[in-house]
Amino acid sequence: MRKTYFTPGPAELFPTVERHYHEAFEQQLGSISHRSQQFRDIYQHTVEQLKTLMNVPASHGIFFTSSATEIWERLIQNTVEHESFHLVNGSFSKKFYDFSHELNKYAHKLEKPFGEGFDYSEIVVPAYAELICTTANETSSGVQMRPAEIHKLKRANKDKFVCVDMVSSAPYPELDFNTVDSAFFSVQKSFGMPAGLGCWIVNPSMLEKAERMKTHENQIGTYHNLLTLFANFKKYETPETPNVMAIYVLGKVAEDMNKIGIDHIRKQTEKKAKMLYEFADKSDFLEVFVKNPEHRSQTVVVVNVKEKSAGNIIKQVQNDANMIIGAGYGDFKETQLRIANFPAVSLGQIETLIEALRQV
Ligand SMILES: *Cc1c(COP(=O)(O)O)cnc(C)c1O
């Protein structure tokens, strides 16, 4: 019997993914050249579907990398000459900050305790920061930063770039891509695909910055610098031999999501999150971890476990319902559960999960 994965990545596959991979093999996409018209058509289709789904302007580039971790590095290499600024409230946002240090930049951070989030009003941006790094959904703690707050941050700092890590929430957050400069995700989280592809959305003003940095003999990386990525993107090609199958399937999944409608996906996400949070609120052995309701993630629900052990709950739900819940992150492994609420899991599956938790 098949399991249902509520793990926050790799996660449950979107229901159509297997069929699209099957069709990709039937079309022998594993053997085509990435300099062929067939590949260019695939890349173009994926870009068009993603731009429709996430309302990305025609002018923006959409590039493919190995995963989101690579994009952290590329963003810093290509847009930060000296200083970056990071909103840190968990393991992923912290790692992005660490990368900037490792690349010899001066990295500033505003740090919040695990489980707390950021609002625009309390953020003081260092004067010389070139890139402001935000996380739409901190996967380790289940904390979101709402798009409206990210937009205010950019409007108040027009001379700086704002990038958004939307790895565990895309396409849920309704970002205004005329406001933020860049956003990125990996496919194995809320897009419900097997891992192996990062996707990077970039506005052309970042390209200008990378060009300036290159002229000043700064190091901006080799094959995945913004100049090379943009030049290849114009032809719907990639600098290296890419993951053609995943690029194809991502385009198909985005197309499926467009057919469902992004508004419907967003409403369903909120409805399912509400069910999970309300259940945890009422439960006598669970407790919603994130105290401020506005900071509660809609795509990764984190709960504290009281009395019982998190490990035992995970085991029991697996045995009883064949459903896999995520453990807490790092130090919170024994005391928290993380439940991914991605588009791949239906309302019915959330109901079944809640029923299984009720029986614990
Ligand atoms: C998983 C995750 C990443 C890293 O993604 P990889 O695919 O492992 O590179 C980055 N940011 C957030 C918020 C994540 O959840």
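Biologist: Which residues form one aromatic cluster?
Modeller: Phe39, Tyr43, Phe63, Phe64, Trp200, Phe230, Phe233 and Tyr236. Keep in mind that this is a predicted model.

Biologist: How many aromatic pairs does the structure hold?
Modeller: There are 17. One is Trp72 with Phe96, and that pair is stacked. The centres are 5.7 Å apart, with 20 degrees between the planes.

Biologist: Where do Trp72 and Phe96 sit?
Modeller: Trp72 is in helix H3, residues 68-79, and Phe96 is in helix H4, residues 91-102.

Biologist: What is the relative accessible area of Phe185?
Modeller: It is 0%, so Phe185 is buried. Phe191 has 1% relative accessibility and therefore counts as buried.

Biologist: Switching to Arg40. Which helix is it in?
Modeller: Arg40 lies in helix H2, residues 37-54. Its relative accessible area is 21%, so Arg40 is partly exposed.

Biologist: What is Arg40 in contact with, leaving aside neighbours within four places in sequence?
Modeller: Arg35, Lys235, Tyr236 and Glu237. The C-alpha atoms of Arg40 and Tyr236 are separated by 5.0 Å, though the two residues are 196 apart along the chain. Tyr236 also belongs to the aromatic cluster.

Biologist: On to helix packing. At what angle do H1 and H8 cross?
Modeller: Roughly 135 degrees, and their axes come within 9 Å. H1 is residues 17-26 and H8 is residues 244-260. That angle makes H1 oblique to H8. The crossing is right-handed.

Biologist: Which residues make the contact?
Modeller: From H1, Val17, His20, Tyr21, Glu23, Ala24 and Phe25. From H8, Met245, Ala246, Tyr248, Val249, Lys252, Val253 and Asp256. By class, that is nine nonpolar, one polar and three charged residues.

Biologist: Last one: which residues of H5 are buried?
Modeller: In H5, residues 147-155, the buried ones are Pro147, Glu149, Ile150, His151, Leu153 and Lys154. They pack against strands S3 (83-88), S5 (131-135) and S8 (161-165).

Methods:
Residues are numbered from 1 along each chain as its sequence is written. This is a predicted model: local features need pLDDT of at least 70, side-chain atom pairs count only at pLDDT 80 or more; totals for chains, interfaces and linings use all residues. Side-chain values use heavy atoms; hydrogens and water are left out. Axes are lines fitted to C-alpha atoms, for helices over the stretch in contact, and angles run from 0 to 180 degrees between N-to-C directions. Helices (H or I, at least four residues) and strands (E, at least two) are DSSP runs, numbered from the N terminus. Angles under 35 degrees count as roughly parallel, over 145 as roughly antiparallel, 65 to 115 as roughly perpendicular and the rest as oblique. A crossing is left-handed if the near helix is turned anticlockwise from the far one by less than a right angle, and right-handed if clockwise. Contact means heavy atoms within 4.5 Å. Ala, Val, Leu, Ile, Met, Phe, Trp, Tyr, Cys and Pro count as nonpolar, Asp, Glu, Lys and Arg as charged, and the others, Gly among them, as polar. Buried means under 20% relative accessible area, exposed over 50%, partly exposed in between (1.4 Å probe, protein chains only). Rings of Phe, Tyr and Trp (its six-membered ring) pair if their centres lie within 6.5 Å; planes under 30 degrees apart count as stacked, over 60 as edge-to-face and the rest as tilted.
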